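Please keep the structure in view while working through the numbered points.

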Amino acid sequence: AGWRLIALGAVDSTQTEALRALDVRANLDLWPTGVLVIQAAEQLGGRGRHGRTWASPPGNLYMTAAIPCPDGPRHGPEVGFVAGVAAARALGDAGVRGARLKWPNDVLVEGAKVAGLLPESVTDSLGRWWILLGLGINVAHAPPAGETLYPAVALADRPGGGPAPTVPALLSALLGRLCEGLALWRSDGFPPIRAAWLSHGHGVGEPVRVRLGAETITGVFQGLAPDGALHLRESESGRERVVLAGDVFFPGT
Ligand code: BTN
């Protein structure tokens, strides 16, 4: 059923716009294999993971891809990993070397966050499940130091990084890579996506600290569980743990 791209100016959040657009008659035919992409020039109420805000001034890339999930939300989180791999590869296509993925799906360049992903499961008014895959890339601007949990950088500000790619160049690389990744995921399932994620994964085999609400656990990052959860070995007990959601920190940050 193909792709539809809607480019907007200032919006509250592309996630909200995408949810609204799913119920617009012209977009109903995207089910079950098409993708609806909403891009905005700026967001006034940009959202990050765990209810945080995502600063969204003009100059960066803000988009949401609405992806049909005919099997329901069960495999939804896998789409986040498809998108992480697509984002790392798209940055490479656009001339940004060395993008790494920080679990679950932040994109780092030289150890600082350049992009974040927000996969959310929703239903439309016909009761069909979609993943709203939100992606923000800091092209021209990064949030001020101290306002983020983890160091952040804009592509334009990388030390010795050369000129930043433009937003349209990044968007076009991203849509190509996302299309490729979704096709592979639909035909072969999660295993090849997991393998591709691990090949770009940051900190595999290294010490890691994970904040889960009030609890913090430390251990060694072992890799991804078969469903994409974070697998670690706790330092104190030697116990293997699998973490479904949390904030991850590596040494030096
Ligand atoms: C994170 O790292 O916390 C995820 C950030 C996701 C930001 C993007 S920008 C486009 C889309 N619309 C939003 O309101 N959030 C996502």
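This is a predicted model: local features need pLDDT of at least 70, side-chain atom pairs count only at pLDDT 80 or more; totals for chains, interfaces and linings use all residues.

**Notes on the fold, the core and the ligand shell**

1. Of the 253 residues of the protein chain, 40% count as buried.

2. The secondary structure of the protein chain consists of four helices and 12 strands. The radius of gyration is 18 Å, close to the 18 Å that the globule rule gives for 253 residues, so the chain is as compact as a globular protein of that length. Along the principal axes, the C-alpha atoms of the chain fill a box of roughly 55 × 40 × 30 Å.

3. Contacts across the sequence also deserve attention.

4. Which residues touch the most other members of the largest nonpolar core? They are Ile67 and Ala87, in a core of 62 residues. The helix α2 provides the largest share of this core, with 10 residues. When residues up to four places away in sequence are left out, Ile67 touches Val35, Val79, Trp130, Ile131, Leu133 and Leu182. Another core, of seven residues, lies apart from the largest one; Val208, Val210, Leu230 and Val248 are among its members.

5. The protein chain is divided into two parts: domain 1 covers 3-200, and domain 2 covers 207-249. Taken over C-alpha atoms, the centres of domain 1 and domain 2 are separated by 24 Å. Nine residues from domain 1 and six residues from domain 2 form the contact. On the side of domain 1 that touches domain 2, α2 (76-93) and α4 (191-200) are the elements that give two or more residues. The residues of that side comprise six nonpolar and three charged, with no polar ones.

6. How many residues surround the ligand? There are 20, and the closest are Ser13, Gly48, Gly116, Gly134 and Gly136. Several elements contribute to this shell: α1 (14-22), β3 (61-68), β6 (112-123) and β7 (129-137) each supply at least two residues. Sorted by class, the shell around the ligand has 10 polar, six nonpolar and four charged residues.

Technical notes:
Residues are numbered from 1 along each chain as its sequence is written. A residue is near a molecule or strand if its C-beta atom, placed from the backbone, lies within 6 Å of it. Ala, Val, Leu, Ile, Met, Phe, Trp, Tyr, Cys and Pro count as nonpolar, Asp, Glu, Lys and Arg as charged, and the others, Gly among them, as polar. Domain bounds come from an automatic or database domain assignment. Two residues are in contact if their C-beta atoms, placed from the backbone, lie within 7 Å. The radius of gyration is taken over C-alpha atoms; the globule rule is 2.2 Å times the number of residues to the power 0.38. A residue is buried if 20 or more other C-beta atoms lie within 10 Å of its own, exposed if 12 or fewer, and partly exposed in between; C-beta atoms are placed from the backbone. A nonpolar core is a set of buried Ala, Val, Leu, Ile, Met, Phe, Trp, Tyr and Cys residues joined through C-beta atoms within 7 Å.
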